[in-house]
Amino acid sequence: MKNIVVLGGSFGGLTAALELRRLLGRNIEITVVSGDGLFVFMPSLPWLIMGHRRPQDITLKVPDILAPKKIGFFHEAAERIDPEACKVFTATREIPYDYLIISTGPHLAYDEIPGLGPDRGYTASTFTLDHAVNAGLAWQKLFEDPGPVVVGSAQGVSCFGPSYELAYEMDAELRRRKIRNRVPLVYLTSEPYLGHMGVDGFGNSRRFFEDTLAEREIKTIVSRAIEEVVPGEIRLKDGTKLPYKFAMIAPPFKGVPAVAPLGNPRGFIPVDKQYRHTKHKNIFTIGVAVAIAPPDPTPVPTGVPKTGFMTVRMAKTAAAVISSEIKNTPPPSPAEMNVVCIMDMGNTAAFMKADPLLPPRQKSVTKDGYQYRLLKIAFEKYFLWKMKRGISGLP
Ligand SMILES: Cc1cc2nc3c(=O)[nH]c(=O)nc-3n(C[C@H](O)[C@H](O)[C@H](O)COP(=O)(O)OP(=O)(O)OC[C@H]3O[C@@H](n4cnc5c(N)ncnc54)[C@H](O)[C@@H]3O)c2cc1C
(Lines give C-alpha, C1' and ligand atoms only; values in the text may rest on other atoms or scores of the structure.)
Protein backbone atom coordinates (compact mmCIF):
# COMPACT_ATOMS: atom_id res chain seq x y z
CA MET A 1 0.00 0.00 0.00
CA LYS A 2 1.40 3.43 -0.95
CA ASN A 3 2.07 5.77 1.90
CA ILE A 4 1.57 9.52 1.46
CA VAL A 5 2.75 12.00 4.09
CA VAL A 6 1.44 15.57 4.15
CA LEU A 7 3.26 18.30 6.09
CA GLY A 8 0.99 21.08 7.37
CA GLY A 9 -2.60 21.04 8.65
CA SER A 10 -4.00 24.16 7.06
CA PHE A 11 -5.53 25.20 3.71
CA GLY A 12 -3.07 23.23 1.59
CA GLY A 13 -2.28 20.22 3.77
CA LEU A 14 -5.85 19.39 4.78
CA THR A 15 -7.26 19.90 1.28
CA ALA A 16 -4.54 17.68 -0.23
CA ALA A 17 -5.06 14.89 2.34
CA LEU A 18 -8.88 14.92 1.98
CA GLU A 19 -8.69 15.05 -1.82
CA LEU A 20 -6.26 12.13 -1.92
CA ARG A 21 -8.67 10.07 0.19
CA ARG A 22 -11.56 11.06 -2.10
CA LEU A 23 -9.66 10.18 -5.28
CA LEU A 24 -7.88 7.04 -4.08
CA GLY A 25 -10.30 5.52 -1.56
CA ARG A 26 -9.05 3.35 1.30
CA ASN A 27 -6.23 1.60 -0.60
CA ILE A 28 -3.73 4.16 0.47
CA GLU A 29 -2.20 5.30 3.74
CA ILE A 30 -2.34 9.07 4.35
CA THR A 31 -0.76 10.82 7.32
CA VAL A 32 -0.81 14.53 8.11
CA VAL A 33 2.06 15.87 10.22
CA SER A 34 1.52 19.34 11.65
CA GLY A 35 2.87 21.47 14.43
CA ASP A 36 -0.61 22.92 14.94
CA GLY A 37 -3.63 20.90 16.07
CA LEU A 38 -6.06 23.63 14.99
CA PHE A 39 -7.18 24.69 11.55
CA VAL A 40 -7.47 28.48 11.60
CA PHE A 41 -9.51 30.27 8.93
CA MET A 42 -6.89 32.97 8.52
CA PRO A 43 -8.88 35.31 6.26
CA SER A 44 -11.02 36.06 9.37
CA LEU A 45 -8.10 37.00 11.64
CA PRO A 46 -8.50 40.74 10.85
CA TRP A 47 -12.15 40.42 12.01
CA LEU A 48 -10.94 38.71 15.19
CA ILE A 49 -8.58 41.62 15.89
CA MET A 50 -11.43 44.06 15.36
CA GLY A 51 -13.60 42.12 17.83
CA HIS A 52 -16.06 40.74 15.25
CA ARG A 53 -15.05 37.07 15.69
CA ARG A 54 -13.95 34.84 18.59
CA PRO A 55 -11.26 32.14 18.16
CA GLN A 56 -13.90 29.39 18.42
CA ASP A 57 -15.84 30.95 15.51
CA ILE A 58 -13.00 30.47 13.05
CA THR A 59 -11.09 27.36 14.19
CA LEU A 60 -11.58 23.60 13.84
CA LYS A 61 -9.70 20.73 15.49
CA VAL A 62 -7.56 18.97 12.88
CA PRO A 63 -8.06 15.43 14.32
CA ASP A 64 -11.87 15.91 14.16
CA ILE A 65 -11.56 16.62 10.42
CA LEU A 66 -9.16 13.78 9.63
CA ALA A 67 -10.26 10.89 11.88
CA PRO A 68 -13.62 10.20 10.13
CA LYS A 69 -11.72 9.93 6.83
CA LYS A 70 -9.21 7.48 8.38
CA ILE A 71 -6.34 9.88 7.77
CA GLY A 72 -3.55 9.62 10.35
CA PHE A 73 -2.39 12.68 12.26
CA PHE A 74 0.86 13.34 14.11
CA HIS A 75 0.63 16.57 16.08
CA GLU A 76 4.33 17.35 15.79
CA ALA A 77 6.44 19.67 13.65
CA ALA A 78 8.77 18.09 11.12
CA GLU A 79 12.39 18.93 11.91
CA ARG A 80 13.96 17.79 8.67
CA ILE A 81 13.45 15.79 5.50
CA ASP A 82 15.81 13.27 3.98
CA PRO A 83 14.72 13.24 0.31
CA GLU A 84 17.14 10.43 -0.61
CA ALA A 85 15.91 8.09 2.14
CA CYS A 86 12.29 9.36 1.66
CA LYS A 87 11.81 10.08 5.35
CA VAL A 88 10.47 12.92 7.48
CA PHE A 89 11.98 13.37 10.93
CA THR A 90 10.16 14.91 13.91
CA ALA A 91 11.57 15.20 17.45
CA THR A 92 10.22 11.74 18.35
CA ARG A 93 9.85 9.70 15.17
CA GLU A 94 10.95 9.06 11.62
CA ILE A 95 8.17 8.76 9.07
CA PRO A 96 8.83 7.05 5.73
CA TYR A 97 6.88 8.10 2.64
CA ASP A 98 6.31 7.09 -0.98
CA TYR A 99 5.04 10.60 -1.74
CA LEU A 100 5.47 13.74 0.32
CA ILE A 101 3.30 16.88 0.05
CA ILE A 102 4.71 19.99 1.72
CA SER A 103 2.31 22.76 2.76
CA THR A 104 4.14 24.29 5.68
CA GLY A 105 3.30 27.94 4.89
CA PRO A 106 5.67 30.79 5.76
CA HIS A 107 8.30 31.23 8.41
CA LEU A 108 7.56 34.72 9.76
CA ALA A 109 11.03 36.29 9.76
CA TYR A 110 10.51 38.98 12.41
CA ASP A 111 14.12 38.45 13.44
CA GLU A 112 15.34 40.09 10.18
CA ILE A 113 14.27 43.54 11.46
CA PRO A 114 15.32 44.55 14.99
CA GLY A 115 12.35 45.31 17.21
CA LEU A 116 9.73 43.91 14.79
CA GLY A 117 6.99 41.53 15.92
CA PRO A 118 5.02 40.64 19.01
CA ASP A 119 7.35 38.04 20.55
CA ARG A 120 10.71 39.79 20.73
CA GLY A 121 9.72 43.21 19.42
CA TYR A 122 7.15 45.96 19.82
CA THR A 123 4.68 45.58 16.94
CA ALA A 124 1.47 43.56 16.69
CA SER A 125 0.80 40.87 14.09
CA THR A 126 -2.18 39.24 12.35
CA PHE A 127 -0.39 36.15 11.01
CA THR A 128 -1.21 33.53 13.67
CA LEU A 129 -4.22 33.01 15.94
CA ASP A 130 -2.24 33.83 19.11
CA HIS A 131 -0.75 36.95 17.55
CA ALA A 132 -4.18 38.10 16.40
CA VAL A 133 -5.72 37.55 19.85
CA ASN A 134 -2.98 39.69 21.43
CA ALA A 135 -3.27 42.29 18.67
CA GLY A 136 -7.00 42.53 19.43
CA LEU A 137 -6.26 43.25 23.10
CA ALA A 138 -3.69 45.93 22.19
CA TRP A 139 -6.14 47.48 19.71
CA GLN A 140 -8.84 47.75 22.43
CA LYS A 141 -6.36 49.62 24.67
CA LEU A 142 -5.93 52.30 22.01
CA PHE A 143 -9.52 53.46 22.60
CA GLU A 144 -8.62 54.42 26.19
CA ASP A 145 -5.66 56.52 25.12
CA PRO A 146 -5.81 57.26 21.35
CA GLY A 147 -2.68 58.09 19.34
CA PRO A 148 -0.90 57.40 16.04
CA VAL A 149 -1.40 54.06 14.29
CA VAL A 150 0.90 52.53 11.66
CA VAL A 151 -0.27 49.48 9.74
CA GLY A 152 1.45 47.87 6.78
CA SER A 153 4.11 45.56 5.39
CA ALA A 154 7.87 45.32 5.81
CA GLN A 155 10.33 44.45 3.05
CA GLY A 156 10.11 40.83 1.84
CA VAL A 157 6.36 40.48 2.49
CA SER A 158 4.28 38.47 0.06
CA CYS A 159 0.83 38.87 1.66
CA PHE A 160 -0.39 42.48 1.54
CA GLY A 161 -4.18 42.02 1.67
CA PRO A 162 -4.57 41.73 5.48
CA SER A 163 -2.67 45.00 6.08
CA TYR A 164 -4.89 46.88 3.63
CA GLU A 165 -7.97 45.30 5.23
CA LEU A 166 -6.88 46.34 8.70
CA ALA A 167 -6.15 49.92 7.64
CA TYR A 168 -9.71 50.28 6.26
CA GLU A 169 -11.32 48.41 9.17
CA MET A 170 -9.43 50.49 11.76
CA ASP A 171 -10.46 53.69 10.03
CA ALA A 172 -14.12 52.61 10.02
CA GLU A 173 -14.04 51.53 13.69
CA LEU A 174 -12.32 54.74 14.85
CA ARG A 175 -14.96 56.79 13.05
CA ARG A 176 -17.76 54.71 14.62
CA ARG A 177 -16.23 55.50 18.02
CA LYS A 178 -15.86 59.16 17.03
CA ILE A 179 -12.14 59.26 17.84
CA ARG A 180 -10.69 59.17 14.31
CA ASN A 181 -9.67 62.85 14.73
CA ARG A 182 -7.33 61.74 17.56
CA VAL A 183 -5.66 58.94 15.57
CA PRO A 184 -3.31 59.77 12.67
CA LEU A 185 -3.42 56.59 10.56
CA VAL A 186 -0.50 55.62 8.29
CA TYR A 187 -0.39 52.77 5.75
CA LEU A 188 3.29 51.86 5.26
CA THR A 189 4.34 49.43 2.52
CA SER A 190 7.27 47.93 0.64
CA GLU A 191 5.14 47.81 -2.54
CA PRO A 192 6.46 50.17 -5.27
CA TYR A 193 2.97 51.69 -5.57
CA LEU A 194 -0.36 51.30 -3.78
CA GLY A 195 -2.28 48.27 -5.00
CA HIS A 196 0.81 46.53 -6.44
CA MET A 197 0.21 43.57 -4.08
CA GLY A 198 3.38 41.78 -5.21
CA VAL A 199 1.84 41.07 -8.65
CA ASP A 200 2.12 44.44 -10.42
CA GLY A 201 -1.49 45.28 -9.54
CA PHE A 202 -4.93 43.97 -10.41
CA GLY A 203 -6.49 46.02 -13.23
CA ASN A 204 -7.07 49.53 -11.86
CA SER A 205 -5.92 48.61 -8.32
CA ARG A 206 -3.39 51.46 -8.15
CA ARG A 207 -6.01 54.14 -8.77
CA PHE A 208 -8.51 52.28 -6.59
CA PHE A 209 -6.27 52.15 -3.50
CA GLU A 210 -4.92 55.68 -4.00
CA ASP A 211 -8.47 57.05 -4.12
CA THR A 212 -10.06 54.98 -1.37
CA LEU A 213 -7.19 55.49 1.10
CA ALA A 214 -7.13 59.25 0.33
CA GLU A 215 -10.92 59.50 0.81
CA ARG A 216 -10.44 58.07 4.30
CA GLU A 217 -7.46 60.37 5.03
CA ILE A 218 -5.17 57.41 5.56
CA LYS A 219 -1.64 58.69 4.92
CA THR A 220 0.40 56.37 2.70
CA ILE A 221 4.14 55.72 2.55
CA VAL A 222 5.21 53.41 -0.30
CA SER A 223 8.38 51.64 -1.46
CA ARG A 224 10.14 51.89 1.90
CA ALA A 225 12.09 49.42 3.99
CA ILE A 226 12.21 49.34 7.79
CA GLU A 227 15.58 49.68 9.54
CA GLU A 228 14.38 48.97 13.09
CA VAL A 229 11.54 49.42 15.53
CA VAL A 230 11.99 50.85 19.01
CA PRO A 231 9.15 51.32 21.52
CA GLY A 232 6.84 53.97 20.07
CA GLU A 233 8.81 54.56 16.84
CA ILE A 234 9.36 52.83 13.48
CA ARG A 235 12.63 53.88 11.84
CA LEU A 236 12.81 53.54 8.06
CA LYS A 237 16.00 52.96 6.08
CA ASP A 238 15.71 56.43 4.49
CA GLY A 239 15.85 58.06 7.94
CA THR A 240 12.10 58.72 8.31
CA LYS A 241 10.78 58.16 11.84
CA LEU A 242 7.15 57.16 12.36
CA PRO A 243 5.77 57.54 15.88
CA TYR A 244 3.06 55.08 16.93
CA LYS A 245 0.87 54.05 19.81
CA PHE A 246 -0.30 50.95 17.96
CA ALA A 247 1.63 49.39 15.07
CA MET A 248 0.89 46.26 13.11
CA ILE A 249 3.51 45.36 10.50
CA ALA A 250 3.62 42.19 8.35
CA PRO A 251 7.08 40.55 8.56
CA PRO A 252 9.38 39.28 5.78
CA PHE A 253 8.42 35.75 4.68
CA LYS A 254 10.78 32.77 4.36
CA GLY A 255 10.33 29.03 3.97
CA VAL A 256 10.11 27.13 7.29
CA PRO A 257 13.51 25.76 8.44
CA ALA A 258 12.51 22.07 8.19
CA VAL A 259 11.87 22.31 4.43
CA ALA A 260 14.13 25.24 3.50
CA PRO A 261 17.08 23.02 2.45
CA LEU A 262 14.88 21.80 -0.45
CA GLY A 263 14.32 25.37 -1.59
CA ASN A 264 15.87 28.58 -2.89
CA PRO A 265 17.98 30.94 -0.72
CA ARG A 266 14.78 32.22 0.98
CA GLY A 267 13.67 28.63 1.61
CA PHE A 268 10.78 28.61 -0.91
CA ILE A 269 10.57 25.40 -2.91
CA PRO A 270 10.87 25.28 -6.72
CA VAL A 271 8.15 23.25 -8.45
CA ASP A 272 6.93 22.47 -11.96
CA LYS A 273 3.39 23.21 -13.21
CA GLN A 274 2.09 20.15 -11.37
CA TYR A 275 3.68 21.33 -8.07
CA ARG A 276 6.28 18.57 -8.19
CA HIS A 277 9.74 19.41 -6.85
CA THR A 278 12.07 20.18 -9.73
CA LYS A 279 14.61 17.61 -8.47
CA HIS A 280 12.85 15.18 -6.10
CA LYS A 281 10.03 13.70 -8.16
CA ASN A 282 8.03 12.19 -5.28
CA ILE A 283 7.92 15.49 -3.37
CA PHE A 284 5.15 18.02 -4.10
CA THR A 285 4.87 21.50 -2.60
CA ILE A 286 1.80 23.72 -2.46
CA GLY A 287 0.67 27.04 -0.97
CA VAL A 288 2.90 29.63 0.60
CA ALA A 289 5.87 27.21 0.67
CA VAL A 290 6.13 27.34 -3.17
CA ALA A 291 8.70 29.57 -4.93
CA ILE A 292 7.03 31.88 -7.50
CA ALA A 293 9.29 34.39 -9.25
CA PRO A 294 7.95 37.98 -9.10
CA PRO A 295 6.85 39.60 -12.41
CA ASP A 296 9.56 42.26 -12.03
CA PRO A 297 11.93 42.87 -9.13
CA THR A 298 10.67 45.79 -7.02
CA PRO A 299 13.04 48.49 -5.62
CA VAL A 300 12.23 47.27 -2.10
CA PRO A 301 11.88 43.46 -2.13
CA THR A 302 8.31 42.10 -2.23
CA GLY A 303 7.02 38.59 -2.95
CA VAL A 304 4.18 37.10 -4.98
CA PRO A 305 1.17 36.29 -2.75
CA LYS A 306 -0.07 32.71 -2.52
CA THR A 307 -3.62 33.08 -1.30
CA GLY A 308 -5.86 30.48 0.31
CA PHE A 309 -7.83 30.30 -2.95
CA MET A 310 -4.62 29.51 -4.87
CA THR A 311 -3.41 27.09 -2.20
CA VAL A 312 -6.59 25.00 -2.37
CA ARG A 313 -6.29 24.79 -6.16
CA MET A 314 -2.63 23.77 -5.90
CA ALA A 315 -3.59 21.08 -3.35
CA LYS A 316 -6.23 19.63 -5.66
CA THR A 317 -3.83 19.60 -8.61
CA ALA A 318 -1.06 17.88 -6.63
CA ALA A 319 -3.55 15.28 -5.29
CA ALA A 320 -4.87 14.63 -8.82
CA VAL A 321 -1.34 14.16 -10.19
CA ILE A 322 -0.37 11.70 -7.43
CA SER A 323 -3.67 9.87 -7.82
CA SER A 324 -3.21 9.50 -11.59
CA GLU A 325 0.33 8.22 -11.07
CA ILE A 326 -0.79 5.60 -8.55
CA LYS A 327 -3.78 4.55 -10.69
CA ASN A 328 -1.66 4.65 -13.83
CA THR A 329 -4.10 6.98 -15.62
CA PRO A 330 -3.25 10.12 -17.66
CA PRO A 331 -2.27 13.09 -15.46
CA PRO A 332 -4.55 16.18 -15.36
CA SER A 333 -3.47 18.90 -17.80
CA PRO A 334 -1.67 21.73 -15.99
CA ALA A 335 -3.93 24.76 -15.49
CA GLU A 336 -2.72 28.37 -15.41
CA MET A 337 -2.99 29.79 -11.87
CA ASN A 338 -5.49 32.62 -11.38
CA VAL A 339 -6.64 34.38 -8.24
CA VAL A 340 -9.79 35.86 -6.71
CA CYS A 341 -9.58 37.90 -3.52
CA ILE A 342 -12.20 39.72 -1.44
CA MET A 343 -10.91 42.36 0.93
CA ASP A 344 -13.04 43.85 3.70
CA MET A 345 -12.94 47.66 3.85
CA GLY A 346 -14.86 48.23 7.07
CA ASN A 347 -18.19 49.24 5.57
CA THR A 348 -17.79 47.93 2.03
CA ALA A 349 -15.38 45.45 0.38
CA ALA A 350 -13.06 45.19 -2.60
CA PHE A 351 -13.25 42.37 -5.14
CA MET A 352 -10.03 41.59 -7.00
CA LYS A 353 -9.47 39.08 -9.74
CA ALA A 354 -6.46 38.29 -11.91
CA ASP A 355 -6.42 35.68 -14.66
CA PRO A 356 -3.70 34.51 -14.89
CA LEU A 357 -2.03 35.52 -11.63
CA LEU A 358 0.88 37.38 -13.25
CA PRO A 359 0.82 39.85 -16.17
CA PRO A 360 0.25 39.90 -19.11
CA ARG A 361 -3.31 38.82 -18.39
CA GLN A 362 -6.52 37.97 -20.09
CA LYS A 363 -8.62 39.60 -17.33
CA SER A 364 -7.99 41.60 -14.18
CA VAL A 365 -10.25 43.78 -12.10
CA THR A 366 -10.53 45.64 -8.79
CA LYS A 367 -13.94 47.01 -7.75
CA ASP A 368 -15.88 47.59 -4.56
CA GLY A 369 -19.41 47.10 -3.30
CA TYR A 370 -21.31 46.08 -0.18
CA GLN A 371 -22.31 42.80 -1.85
CA TYR A 372 -18.66 41.67 -1.75
CA ARG A 373 -18.67 42.04 2.05
CA LEU A 374 -21.67 39.70 2.20
CA LEU A 375 -19.85 37.36 -0.19
CA LYS A 376 -16.80 37.32 2.10
CA ILE A 377 -18.98 36.39 5.09
CA ALA A 378 -20.70 33.67 3.03
CA PHE A 379 -17.32 32.34 1.89
CA GLU A 380 -16.10 32.07 5.50
CA LYS A 381 -19.21 30.10 6.54
CA TYR A 382 -19.08 27.87 3.45
CA PHE A 383 -15.37 27.06 3.76
CA LEU A 384 -15.64 26.20 7.47
CA TRP A 385 -18.76 24.09 6.77
CA LYS A 386 -16.88 22.15 4.07
CA MET A 387 -13.72 21.71 6.11
CA LYS A 388 -15.61 20.56 9.24
CA ARG A 389 -17.17 17.76 7.20
CA GLY A 390 -13.96 16.87 5.40
CA ILE A 391 -15.47 17.71 2.01
CA SER A 392 -12.90 18.43 -0.69
CA GLY A 393 -14.86 17.63 -3.84
CA LEU A 394 -16.89 20.88 -3.91
CA PRO A 395 -15.47 24.14 -5.36
C1 LIG B 1 -4.46 37.52 8.14
C2 LIG B 1 -4.55 36.76 6.86
C3 LIG B 1 -5.62 37.01 5.99
C4 LIG B 1 -5.73 36.29 4.80
N5 LIG B 1 -6.80 36.54 3.97
C6 LIG B 1 -6.96 35.79 2.87
C7 LIG B 1 -8.13 35.95 2.03
O8 LIG B 1 -8.98 36.80 2.31
N9 LIG B 1 -8.25 35.15 0.94
C10 LIG B 1 -7.32 34.21 0.63
O11 LIG B 1 -7.50 33.49 -0.37
N12 LIG B 1 -6.20 34.04 1.38
C13 LIG B 1 -6.01 34.80 2.49
N14 LIG B 1 -4.91 34.62 3.27
C15 LIG B 1 -3.86 33.68 2.83
C16 LIG B 1 -4.16 32.25 3.26
O17 LIG B 1 -4.45 32.19 4.63
C18 LIG B 1 -2.93 31.43 2.91
O19 LIG B 1 -2.78 31.47 1.52
C20 LIG B 1 -3.08 29.99 3.35
O21 LIG B 1 -3.22 29.92 4.74
C22 LIG B 1 -1.86 29.21 2.89
O23 LIG B 1 -2.03 27.89 3.27
P24 LIG B 1 -0.76 26.94 3.47
O25 LIG B 1 -1.32 25.58 3.70
O26 LIG B 1 0.20 27.15 2.36
O27 LIG B 1 -0.01 27.49 4.76
P28 LIG B 1 -0.50 27.91 6.20
O29 LIG B 1 -1.94 28.22 6.23
O30 LIG B 1 0.45 28.95 6.68
O31 LIG B 1 -0.31 26.59 7.07
C32 LIG B 1 0.93 26.02 7.30
C33 LIG B 1 0.73 24.78 8.15
O34 LIG B 1 1.97 24.09 8.26
C35 LIG B 1 2.23 23.81 9.62
N36 LIG B 1 3.69 23.74 9.76
C37 LIG B 1 4.59 24.75 9.73
N38 LIG B 1 5.84 24.26 9.90
C39 LIG B 1 5.71 22.91 10.01
C40 LIG B 1 6.63 21.86 10.20
N41 LIG B 1 7.93 22.07 10.32
N42 LIG B 1 6.15 20.60 10.27
C43 LIG B 1 4.81 20.34 10.17
N44 LIG B 1 3.90 21.32 9.99
C45 LIG B 1 4.35 22.58 9.91
C46 LIG B 1 1.56 24.94 10.38
O47 LIG B 1 1.35 24.60 11.73
C48 LIG B 1 0.27 25.07 9.58
O49 LIG B 1 -0.65 24.07 9.96
C50 LIG B 1 -4.75 35.33 4.46
C51 LIG B 1 -3.68 35.09 5.33
C52 LIG B 1 -3.58 35.79 6.52
C53 LIG B 1 -2.42 35.51 7.45
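## Strand β17 and its partner

In β17, methionine 248 is the bridge partner of valine 151. This contact belongs to the parallel pairing of strand β11 (residues 149–153) with β17, which runs over five bridges; two strands pair if DSSP finds at least two bridges between them. Helices (H or I, at least four residues) and strands (E, at least two) are DSSP runs, numbered from the N terminus. The model is a predicted one, in which local features need pLDDT of at least 70 and side-chain atom pairs count only at pLDDT 80 or more, while totals for chains, interfaces and linings use all residues. Residues are numbered from 1 along each chain as its sequence is written.

Strand β17 (residues 246–250) is mostly covered, with five of its five residues buried. A residue is buried if 20 or more other C-beta atoms lie within 10 Å of its own, exposed if 12 or fewer, and partly exposed in between, with C-beta atoms placed from the backbone. Both faces of β17 are covered: one side holds the buried Phe246, Met248 and Ala250, and the other the buried Ala247 and Ile249.

## Helix α6

In helix α6 (residues 205–215), the buried residues are Ser205, Phe208, Phe209, Thr212 and Leu213. They lie on the same side of α6 because they cover an arc of only 110 degrees around the axis, the arc being that of the directions from the helix axis to the C-beta atoms. An α-helix has 3.6 residues a turn, so residues three or four places apart point the same way.

The buried residues of α6 pack against β12 (185–188), β13 (219–221), β21 (349–355) and β22 (363–368). The face turned away from the buried side of α6 carries the exposed residues Asp211, Ala214 and Glu215. Glutamate 217, which follows α6, has a positive phi, near 55 degrees.

## Two domains

The domain assignment of the protein chain gives domain 1 (2–108 + 253–336 + 379–388) and domain 2 (110–252); such bounds come from an automatic or database domain assignment. The C-alpha centres of domain 1 and domain 2 lie 28 Å apart.

Across the boundary, 24 residues of domain 1 are in contact with 32 residues of domain 2, where contact requires that the C-beta atoms of two residues, placed from the backbone, lie within 7 Å. On the side of domain 1 that touches domain 2, β3 (38–40), α2 (45–49) and β18 (253–255) each supply at least two residues. Of these, α2 gives the most to that side, with four residues.

## Surroundings of the ligand

The ligand is surrounded by 37 residues, of which Gly8, Ser10, Gly12, Gly105 and Gly287 are the closest; a residue is near a molecule if its C-beta atom, placed from the backbone, lies within 6 Å of it. This shell draws at least three residues from each of domain 1 and domain 2. α1 (11–24), α2, α5 (161–176) and α7 (308–327) each supply at least two residues of the shell.

## The loop between β18 and β19

Asparagine 282 lies in the loop between β18 and β19 (283–285). Asparagine 282 counts as partly exposed because it has 15 C-beta neighbours inside 10 Å. Leaving aside its neighbours within four places in sequence, asparagine 282 is in contact with Cys86, Asp98, Tyr99 and Leu100.

Lysine 281 also lies in the loop between β18 and β19. With 12 other C-beta atoms within 10 Å, lysine 281 is exposed. Lysine 281 and leucine 100 are 181 residues apart in sequence, and their C-alpha atoms are 9.6 Å apart in space.
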